[in-house]
Amino acid sequence: MDHGSSPTKVRKSVVDEDFISNLPEALKDKILCCLPIKEAVGTCLLSRSWRYTWASMTELMFRRADFASGNGNADDDTCRFLKFTDMFLFLHNGPILKFGLNTIENEMVSTGGHLSRWMLMLSRNKIKEIQLWTSIRDSYKIPSCFFSCHELEYVYLRACFFTSLQLPPLSKGFKQLRTLRLEYVSVQGSSLEDLVASCPNLEKLSICRLCSKSNINIRSTKLKMLTIEGRFIHLNLHAPYLTSVWIGLELKSDTDGALTARCNFNLSPFIASLSDVETIRFHGQILEPRLFNRLTEISLEINLGNLKQANFALSLFQHAPNLRLVKLKFISRNSVVPTVHFWESLNRDVCLFQNVDVVSLFNFTGSFAELAFLKLLLEDAPVLRKVRISDKGLDKDVLKNLLMMRRASRDAEILIL
């Protein structure tokens, strides 16, 4: 009678069947892309079928930190990192969809001319995503071959600079690019304007730590989300489909030591571009707002004890009838023009906070201006639910008075964080 295969034969048949070697190529690629790049190359020892799998990986991330030997010789580690990256890209066979480089943790790493060479290799491999997390001490000029990566969809560049006339005249642009993020970036002339113009389908643009002595002109018919933070002189914006805007001006010292943040605006097209915006954040004295019918969230860094800034905030509240969420981070400085009784003297015939239901107040000091604003808010917001206050060591009597303030909304509660 046949009682079936023996346990020994069953175990042998399982061992004989090499599941790892028989995995689909697409699954092998996914596995390798989840590993640190050095370990991915190490899989060449698994079996013959894996020997060259690493050479066709579609997503690459090179981290300088992965090459730390622990012997304290950073120069040797950096040399091995650069040689490894050179070798890998030289031997790579097939498309590279995503490329990442991270040298932030090692501030003294200098990619030097390597970036131009690597970018040239990427431009020939149908690259769709590039992320270069480079050290701010390793500022580099964007290689010209970068503009040949026509199939890019996502770009993040750090510590780079653009110069005038850098965009090649015969460049086809980035017709597939949806997201562009720049950090610690310096621009000259119309280079930024030309770059944005070469991305006709750009939807998200983020520029942080911008340094420019030129006018910033941004024209985009598809742009939905915009962040600009840094130092610049003039901003001219034409983006009719924006839904979210964050504009921040870095403070710098005047000759008398006062901190200022100034920027000139071409107001008419700028206001037109913000008419459909839903979320808006400002840092610094920026503009006189008009009517924002779709605006539901406002975030401001503001000194309510300054008459100019108080007028700016009031104007913004007056022209945002559908506002629901307000976030204010208070900045306490000596006011050149004090508010006196600004918030108490307002005409109360028109409700400023008709639809506001949540308010967050940060760095609350209990100053006269801040208390007056809070009193106005509580008495003027009929659907208010929560007021979150992050205080800076308020006196107990002040806290007691806060909690006893009269409120237009029965559901309004004050949370002291």
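# Strands, a helix and cysteines in a predicted model

Me: What makes S2 and S3 a pair?
Reply: S2 and S3 run parallel and are joined by 5 bridges. Two strands pair if DSSP finds at least two bridges between them, so 5 bridges qualify. Strands here are DSSP runs (E, at least two residues), as helices are (H or I, at least four), numbered from the N terminus.

This is a predicted model: local features need pLDDT of at least 70, side-chain atom pairs count only at pLDDT 80 or more, and totals for chains, interfaces and linings use all residues. Residues are numbered from 1 along each chain as its sequence is written, and side-chain values use heavy atoms, with hydrogens and water left out.

Me: How do you know that S3 also pairs with S5?
Reply: S3 and S5 (residues 154–158) share 4 bridges in the parallel sense. The requirement is at least two, so the strands pair. Leu132 has Leu157 as its bridge partner in S5.

Me: Why is S3 called mostly covered?
Reply: In S3 (residues 129–133), 4 of its 5 residues are buried. Buried means under 20% relative accessible area, exposed over 50%, and partly exposed in between (1.4 Å probe, protein chains only).

Me: Why is Gln318 called partly exposed?
Reply: Its relative accessible area is 46%. That lies between 20% and 50%, so Gln318 is partly exposed. Gln318 belongs to helix H8 (residues 307–318). Its C-alpha is 8.8 Å from that of Val350, 32 residues apart along the chain.

Me: Why is Cys211 called partly exposed?
Reply: Cys211 has a relative accessible area of 43%.

Me: How do you know that the span of H4 is close to the expected one?
Reply: H4 (residues 74–91) has 18 residues and reaches 26 Å from first C-alpha to last. The expected span is 1.5 Å times one less than the number of residues. That expectation is 26 Å, so the span is close to it.

Me: Which residues of H4 are buried, and what covers them?
Reply: Among the buried residues are Asp77, Phe81, Phe84 and Phe88. Their cover includes helix H3 (37–42), strand S1 (59–63), strand S2 (98–102) and helix H5 (114–123).

Me: How do you know that Cys33 is in no disulfide?
Reply: The whole structure has 0 disulfides. For Cys33, the nearest cysteine sulfur, that of Cys34, is 7.0 Å away. A disulfide needs a pair of cysteine sulfur atoms within 2.5 Å, so Cys33 forms none.

Key: Contact means heavy atoms within 4.5 Å.
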